[in-house]
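Try each task yourself before reading the solution.

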Amino acid sequence: MPLETTAGGSERLQTFPRLLFHHARTRGSAPAIREKDLGIWQTWTWAGVAERVRALACGLAALGFKRGDNLAIIGDNRPHLYMMMSAAQCLSLIHI
């Protein structure tokens, strides 16, 4: 069952990217991801993650990736890996 918002109607949030951008609009400055890097906690806000995902998706599109293309994403279990996976989902390159 898809999630729905109550503000402004019934916007369906059926994909992870749509949910991500919804959270960026509604709670932009709140922490979305935290990771410890060299013993220091790094915090990514919802707005920061959405901005990075949008930039990555635009970069993939500029490289010529489009719906239905294949893309391999390899990386450590870190926030940037998930941001790239979300960017690929924005272009309908992968479905999780």
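This is a predicted model: local features need pLDDT of at least 70, side-chain atom pairs count only at pLDDT 80 or more; totals for chains, interfaces and linings use all residues.

Residues are numbered from 1 along each chain as its sequence is written, and side-chain values use heavy atoms, with hydrogens and water left out.

**Exercise 1: confidence**

Start with the whole chain: the mean pLDDT (the predictor's confidence in each residue, from 0 to 100) is 85, and 84% of the residues reach 70 or more. Next, go element by element (helices, H or I, are DSSP runs of at least four residues and strands, E, of at least two, numbered from the N terminus).

**Exercise 2: H2 against H3**

Work out how the axes of H2 and H3 cross.

Step one is the geometry: the axes of H2 (residues 46-62) and H3 (residues 79-90) come within 8 Å and cross at roughly 55° (axes are lines fitted to C-alpha atoms, for helices over the stretch in contact, and angles run from 0 to 180 degrees between N-to-C directions). That makes the pair oblique (angles under 35 degrees count as roughly parallel, over 145 as roughly antiparallel, 65 to 115 as roughly perpendicular and the rest as oblique). Step two is the residues: on the H2 side, Val49, Arg52, Val53, Leu56, Ala57 and Leu60 touch a set in H3 that includes His80, Met83 and Met84.

**Exercise 3: H1 against H3**

Classify the packing of H1 and H3 by angle.

Their axes lie 8 Å apart at an angle of about 110°, so H1 and H3 are roughly perpendicular. Phe16, Pro17 and Phe21 of H1 make the contact with Ser86, Gln89 and Cys90 of H3.

**Exercise 4: two residues**

Decide whether His23 and Leu81 are buried or exposed.

His23 belongs to helix H1 (residues 16-26). Its relative accessible area is 15%, so His23 is buried (buried means under 20% relative accessible area, exposed over 50%, partly exposed in between, with a 1.4 Å probe and protein chains only). Beyond four places in sequence, His23 contacts Gly28 and Trp46.

Leu81 lies in H3 and, at 15% relative accessibility, counts as buried too. Beyond four places in sequence, Leu81 touches Ile73, Ile74, Gly75 and Asp76.

Key:
Contact means heavy atoms within 4.5 Å.
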